[in-house]
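These notebook entries record what I looked up in the structure shown below. I began with the nonpolar cores and then turned to the strands.

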Amino acid sequence: MTVSTSNSAAQLNPPHPDFNTTQKQFWVIGYPIAKSKSPLIHSTGYKSACLPHRYEIHEVKELDEEDIQSKFGDESFGGASITMPFKLPIMRYVQEITPAAKLLGAANTISPKWTSEGARYLEGHNTDWLGIRNVLLRGLKTSHKQASDSTGLIVGAGGAARAAVYALGELGIKHIYIFNRTRSRVNEIQADFAGYDKVTIYAITSLSESEFTFGNPLFVVGTVPAKGTFVPGQDASHEADALLLDGAAFSRIDGGVMLDMAYLPKRTPLIRLAETYTKFETYYGIDVLIQQAAAQFSMWTGVEAPLAEMEKATLAKYEVEQAEASISSGVA
């Protein structure tokens, strides 16, 4: 099966002919975001692409209508990245919402657009799913032998799990297992995706071999914090109700791709377990952050994102933080 690797949400042309000729102001809005990597990622991209734009943090505990209208209405406004807890309430400030953002109930990207008559309006997008999809595509190999009946597994049932469902559906995965401690959360996702006929979602109660009735997963996506999962005998500091991991999740004969959305630490219990199965490619939450930002970059500017430069700067900073966190926690 062939899957397109193009960034379907980002058309490579500026939203306005003069968009990149003057400095535009971009924001990341959310709370808490003081340590956000987004300014580093985007500023590196602008510098590498020789664009004059600025990207800054706007940290607020609540959305103030006058403040948002002022920022979004300014003629220099180029776009905004929206983080928690504002991905849903920000939608009331835009005139158009893309189908993906509507289905996921979350807009993490705001873009100014212009009609053919020159009228300006704002559109809400979701690039979270694009970040997930593009990371999984990066790891997918011919040897993995993706087929029309390949399956996917999602660990967790929060907002990131919804983006993962959509990403897997767009990758052609028809059968998706969701493993979560609360069945009702999975039921909510099943109900919300009832009209999305590309996938069927199955709630499973463990990661044992018997649960994978449609075949072992080609793609595995973790969406819970590191302490929310554990491998018996290996992870002593997990939460009391943490999800029990099982290697059956990685027992597909031809292997596959595993992504854990957890940001810290880098090597989560799920990642460490996947690493013991050599036919599985493993990726991290930081990879998704970079990929979704690259999608935003292209969407806003109409310029192909200089991904290599954005990755180099961001991963260098991330590795330093990982090392500092290990020292402070006493981990060698």
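Entry 1, the cores. I looked up the largest nonpolar core and found 39 residues in it, those with the most contacts inside it being Leu 153, Leu 207, Phe 212, Phe 250 and Met 258. A nonpolar core here is a set of buried Ala, Val, Leu, Ile, Met, Phe, Trp, Tyr and Cys residues joined through side-chain atoms within 4.5 Å; buried means under 20% relative accessible area with a 1.4 Å probe, protein chains only. The elements giving two or more residues to this core include strand S1 (25-30), strand S7 (151-155) and helix H8 (285-301). Helix H8 gives the most, with 6 residues. Helices (H or I, at least four residues) and strands (E, at least two) are DSSP runs, numbered from the N terminus.

The model is predicted: local features need pLDDT of at least 70, side-chain atom pairs count only at pLDDT 80 or more, and totals for chains, interfaces and linings use all residues. Residues are numbered from 1 along each chain as its sequence is written, and side-chain values use heavy atoms, with hydrogens and water left out.

Beyond its neighbours within four places in sequence, Leu 207 is in contact (heavy atoms within 4.5 Å) with residues including Leu 153, Phe 179, Phe 212 and Asp 246. I also noted a second, separate core of 35 residues, with Val 135 and Phe 193 among them.

S1 and S3 run parallel, joined by 5 bridges, and Ile 29 stands opposite Ile 82 in S3.

Technical notes:
Buried means under 20% relative accessible area, exposed over 50%, partly exposed in between (1.4 Å probe, protein chains only). Two strands pair if DSSP finds at least two bridges between them.
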